[in-house]
Amino acid sequence: MNNKILNEANKLIKEDGLYNTFINDIKLYKIQSFCPRGPLIYDVCLVLVLQGTKIGYLKNNTFTYNNKKYLVVPTTLPFECETIASKQEPYICMLISINKELMYEIIDLIGNQKKNKKYELAVFSDDVTLEIEDITYRLLKTLQNKQDSEILGTNLLKELFYRVAKSKNACFLYNMFLNDKNEAKIARSIRYIHKNYNEKLDLNNLAKKVDMSISSYHNYFKKSTSYTPLQYIKNIRLNKAKELLLKNYQVNDCAYEIGYESVSQFSRDFKSYFGKPPKEIKSL
């Protein structure tokens, strides 16, 4: 991203924090200090970094995204991230929720195209092109005015999503909007898990719901997310547990609320995942 983009961003954000904008699907974020690697959940979004660097970790896969590389997370994923930032060079980014209606329209217009099959993971990074830089600049200018945002925002996002869908690594993103593709089935299954994470979920029923064999479902789920379905469910539950504990839930109540039958097992899993036991959540 070039300096004129950064200048427009600095007109909208002064201090550290997460900022809403006049376009509901776009948030701006700034931080001026290093953040060590830690777990979080990305939820169907595009991350455009205007300054600084972020490193994402998904099992054995590493993604570095900065002003030359953007990150796309087409479905909800437990992720680990490290932020490289300082007062001299803060980390500044645009967090853009992927509008499913716009994406369905774009994919329908593009038609059936072959994509690079090397990238089977749901999450991917790709190059910031001159076209994407231009759209980013125009978006930041538009965000400075409510009426401009209301009138121009949708078309600007549609143009941006089109460029992302046409990128060389967008196989999963593209195919998840074609309902007969395995990517779409896994995306539907992930949405189901998020709505029902506190219920008893077994591999057989999850596979049946998306009309896949158990082995095919298990293998494709792991290829797409780097996690087995059961590992994924556990990570989602533990992230939900952290949210509840921050709302002052008791450890026992929290364990049962997210679907654990054993409080001691919940405590062991939580400490293994976050590095601290549930009772110390306030210090995370």
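Tutor: Let us begin with a term: two strands are said to pair if DSSP finds at least two bridges between them. With that in hand, and bearing in mind that this is a predicted model, we can look at an open sheet of 4 strands, whose order is β3-β8-β5-β6 and whose pairing is antiparallel. Its edge strands are β3, residues 35–42, and β6, residues 61–65, and each of these pairs on one side only. From one strand to the next, the twist averages 25 degrees.

Strand β5, which covers residues 53–58, is joined to β6 by 5 bridges, and the two run antiparallel. Within this part of the sheet, L58 stands opposite N61 in β6.

Helix α9, made up of residues 229–246, lies across β3 and β8 (77–84), and the helix runs at about 60 degrees to β8. Helix α9 also packs with helix α6, residues 182–195, at an angle of about 40 degrees, and the axes of these two helices are 10 Å apart.

Most residues other than glycine have a negative phi. V44, however, has a positive phi, near 45 degrees, and is a residue other than glycine. V44 lies in the loop between β3 and β4, the latter being residues 45–51. Because buried means under 20% relative accessible area, V44 counts as buried at 13% relative accessibility.

The other loop, between α9 and α10 (251–257), is the place of N248. N248 likewise has a positive phi, near 75 degrees, in a residue other than glycine. Since exposed means over 50% relative accessible area, N248 is exposed, with a value of 57%. Taken together, V44 counts as buried, whereas N248 is exposed, although phi is positive in V44 and also in N248.

Conventions: Residues numbered from 1 in each chain as written. Predicted model: local features only at pLDDT ≥ 70, side-chain atom pairs only at ≥ 80, totals over all residues. Heavy atoms only, no water. Axes fitted to C-alpha atoms, helices over the stretch in contact; angles between N-to-C directions. Contact = heavy atoms within 4.5 Å. Buried < 20%, exposed > 50% of the residue type's maximum accessible area, 1.4 Å probe, protein only.
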